[in-house]
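Hi everyone, thanks for coming. Let me put the structure up on the screen, and then we can walk through its charged pairs together.

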Amino acid sequence: TAPVWSSVIGTAFGIVVVVAVALFSASLDQLVSHPAAYGWTWDYVTSDTTAAQTTPATCGNLDTRLTTMKGVAAVASICTLDLDVAGHPVSGWGYTDLLGHIGPTIVRGRAPKVRDEVALGADTLAAVHRQVGDSVRITGARGPLQFRIVGQTLLSRLGDPEPLADGAVFTGAGAARLDSANSDNSSWNLIVRLAPGADRSDTLARLDAISRADTPLLGAALPAEIDRIRQIDALPIALAAFVGVVALAAVGFALVTTVRRRRRELAVLKTLGFRRGQVRATVAWHATTVALVGLVVGIPLGLVVGRFLWHEVATELGVSTDPTWPVLAAAVLVPVALVAVNLIAAVPARSAARTRPAVVLRSE
């Protein structure tokens with residue numbers, strides 16, 4: 001009947017919205033809480049006032065005290081330079097390992113390994129109409145050179161804010177191909193990863209002492225593109241709560257309507273010997289069935305909708321589109337939904353239990 005179907009559809013719709021929002025929020029929280037997911041694969045950006053270049057070009061090797069510092073597990077330099085990728089101006093980063101290994105975040109493909117390979121951001125790939133596996137012409141201080149695109153990457157913040165998905169990443173040797181000893185469009189930064197179990201306060205004090213005369217230590221900084229999404233994260237949650245309340249109200253209305261329409265059937269059941277508790281149980285089972293059907297339909301559909309929404313947002317940001325599945329939220333939703341509909345069903349169930357068979361059947 002119409003009330004039954006409306007209650008099932010209302011319940012399923014509410015569950016779809018709640019599950020979709022839970023998946024989206026879980027994926028966003030995973031992104032925000034893991035700096036490597038937005039390109040920050042190190043602990044701190046620092047500097048060394050005594051660091052010296054061992055090659056004429058800015059993108060060459062560096063000699064720094066950080067490589068012998070206690071508590072530091074890995075050190076790398078990032079050479080930054082202004083480039084033109086197939087007519088599209090971007091910032092280029094060249095990674096050179098000085099101790100251990102620190103590489104870029106790779107969303108698709110792999111990181112550059114040799115001097116003629118490059119990884120580009122999602123926005124850069126879209127702007128130059130290229131894909132991973134294609135070749136592209138990149139122009140630096142030494143003129144245009146051909147590179148093979150081996151991955152999609154992210155550029156986090158080194159100092160000033162950087163476009164998250166618009167840039168190019170090379171090996172240090174690859175960046176040096178585009179750099180020039182006389183160029184004023186390149187500079188370098190040092191990035192460090194602390195050793196597991198290191199005395200953090202002591203190590204940070206040492207790093208601060210080395211870099212204080214130059215630039216302060218910079219910890220993980222959330223990109224502006226992701227921060228804007230995070231700031232409106234409460235809106236979908238509020239929407240899900242509102243839709244959930246509306247869905248429960250719809251279920252309650254449908255149960256009241258069903259009890260009124262089924263007075264004759266309830267009267268017959270009482271005539272056949274049903275006690276008040278059994279009549280209440282009949283209405284409760286009806287509500288439970290509605291909830292179970294809504295859960296069976298709504299949870300899978302909600303996961304599909306949530307994954308689609310996250311894929312669209314993540315693609316726009318240029319980060320990984322892999323979702324974080326809200327297993328705990330889905331597991332908690334099942335008993336919460338069953339309890340909620342049964343609490344709502346208590347009122348019409350009590351009314352049904354008070355049905356007087358003689359009066360109802362006489363009126364029929």
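**Salt bridges and a surface patch**

Let's start with Asp48 and Arg65, whose side chains meet in a salt bridge, N to O at 2.7 Å. By salt bridge I mean a side-chain nitrogen of Lys or Arg within 4 Å of a carboxyl oxygen of Asp or Glu. This pair links distant parts of the chain, 17 residues apart: Asp48 sits in the loop between β1 (44–46) and β2 (52–53), and Arg65 in the loop between β3 (62–63) and β4 (72–85). Helices (H or I, at least four residues) and strands (E, at least two) are DSSP runs, numbered from the N terminus.

A quick word on the ground rules: this is a predicted model, where local features need pLDDT of at least 70 and side-chain atom pairs count only at pLDDT 80 or more, while totals for chains, interfaces and linings use all residues. Residues are numbered from 1 along each chain as its sequence is written, and side-chain values use heavy atoms, with hydrogens and water left out.

Back to our pair: is Asp48 buried or exposed? Asp48 counts as buried, at 2% relative accessibility, whereas Arg65 is partly exposed at 37%. Here buried means under 20% relative accessible area, exposed over 50%, and partly exposed in between, with a 1.4 Å probe and protein chains only.

How many salt bridges does a search of the whole structure find? Five.

Another one joins Arg148 to Glu117, with the closest N and O atoms 3.1 Å apart. Arg148 lies in strand β9 (residues 143–153) and Glu117 in strand β7 (residues 117–120), so this pair ties together parts that are 31 residues apart in sequence. Glu117 is buried, at 5% relative accessibility, and Arg148 is partly exposed, at 39%. Both also belong to a network of salt bridges that links them with Arg110.

Now for a pair within one helix. Arg230 and Asp227 form a salt bridge at 2.5 Å, N to O. They are three residues apart in helix α5 (residues 224–231), so about one helical turn separates them. Arg230 is partly exposed, with a relative accessible area of 40%.

Leu309 is in helix α8 (residues 276–317) and is partly exposed, at 38%.
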